[in-house]
Amino acid sequence: MRAGASTSNITPPLGELIVGGWQPFPATNIHDELHARCLVLNDGETSIAIVLCDNVGIPRELFDRAKEYIAKESSIPRSNVLLAATHTHSATTARGESKVQAVMEFTEYQEFLARRIADGVRRAVNNLEPARIAFGAVDEPSQTFNRRWHVTDPDLLKNPFGGVDKVRMNPPRASGALVRPAGPIDPQVSFISVQSTAGRPIALLANYSLHYVGGVPAGDVSADYFGLFADRIAELLDAEKQSPPFVGILSNGTSGDCNNINFQEKGERREPYEQMRLVANVVAQRVFEAHAQLEFTSDVSLAATTRDLTLRVRKPTEEMLAYFAAIDAEGESRKPYNGHEKTYAARVRKLAESPDEVAVPLQVLRIGDIGIAAIPFETFAETGLEIKAESLLPRTFTIELANGSYGYLPTPSSMS
């Protein structure tokens, strides 16, 4: 087996819109640079490429453009390329303005991003060398919590559509109304370590089912704890000053209903970036401890497959549209039923104009007896746990927001 890794700087210009909150606002400072972190593996016959981009979510059209470049310039088939976003909420948008159109008109930053992803893969190919790999996994339950809760206070269950939900997402911390989480967490940190045959670290791809951490001043661009993990694991492996450079990568597992808030306890006041640094250090330390027990091998075969799944789009009901029309008619004097009504009104109208069906890409990579399932949604932890349990491969994890970004994928039970 041969392996190569690289990073591409994908930091946007200041003034681009940060879209991680309820309302976008312009970037005014770069706290830490954003990257596309690339790993390429080759078993002598088959090549696969994995790229994690510091962004909240990247549309399929942009990823497909990057895959076109990669297939043409690096001879890696599109089906063998897994491109994903980390889901940092402190990056500027890569979504553009034209998702509803049949053909997306790329913005300047989107074209730059597609080009930098492809260049990163090309440079990783240039760095290919004889290598060996190992898989590790360790549980770290202290940093991820389910954020959907059963509660006793009916006011906490009011939703933006004028109705009442069964559970509350992100309830008040340490509230006496909390009953129990509405779903599980996946505490496992899975990782693949790649070394040269002489033992020099080439790359480490980790996976943890935790949303972004945050704690970022308004206007700052940051890779969140994903970037800090990459730096910290390089330090722990004593791989900071190498040529070619070591590449640490942290991918997002299935964290659609999980975040870093322990809702049963009151929060401590933290300085900006303090909490994400704590999380990154904890996760990196756990990986480093498990890393000492790994057994590496060069006898690895590779495979990949991908297919589209056509899904019907859930459209807003006439009652929803009428409800938001009535809100608009009442104007600013209206007392809100829910604080996010206006935000959801805009999203519902956009959804009403969207196509009735959408084709989403599903992908699986196999690295020896390791399976990586790629899903283009913010996926609930329960789904990730089920995929691991049902996988025919003994070592499996899921990377979310991969090859596209189509919003949340809840479980059937959460929709009933």
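Predicted model: local features only at pLDDT ≥ 70, side-chain atom pairs only at ≥ 80, totals over all residues.

Colleague: What angle do α3 and α4 pack at, and how far apart are their axes?

Modeller: The angle is about 45°, and the axes are 8 Å apart.

Colleague: Which residues make the contact?

Modeller: From α3, they include Tyr225, Leu228 and Phe229. From α4, they include Val279, Val283 and Phe288. The contact residues divide into 12 nonpolar, two polar and three charged.

Colleague: New topic. What is the strand order in the open sheet?

Modeller: Its eight strands run β7-β6-β5-β1-β8-β13-β14-β16, and the pairing is mixed.

Colleague: Which strands stand at the edges?

Modeller: β7 (81-85) and β16 (247-252). Each has a single partner strand, so one side of each lacks a neighbour in the sheet.

Colleague: How many bridges join β14 to β16?

Modeller: Six, and the two strands run parallel. Leu205, for one, has Ile249 in β16 as its bridge partner.

Colleague: And which strands does helix α2 touch?

Modeller: Helix α2 (residues 108-126) packs on the sheet and touches β1, β5, β6 and β7. The direction of α2 makes about 150° with that of β1.

Colleague: Back to α4. Which strands does α4 lie across?

Modeller: Helix α4 (residues 274-291) lies across β8, β13 and β14. It runs at about 60° to β13.

Definitions and conventions. Residues numbered from 1 in each chain as written. Heavy atoms only, no water. Pairing = 2+ DSSP bridges. Helix = DSSP H or I, 4+ residues; strand = E, 2+ residues; numbered from the N terminus. Contact = heavy atoms within 4.5 Å. Axes fitted to C-alpha atoms, helices over the stretch in contact; angles between N-to-C directions. Nonpolar A, V, L, I, M, F, W, Y, C, P; charged D, E, K, R; others polar.
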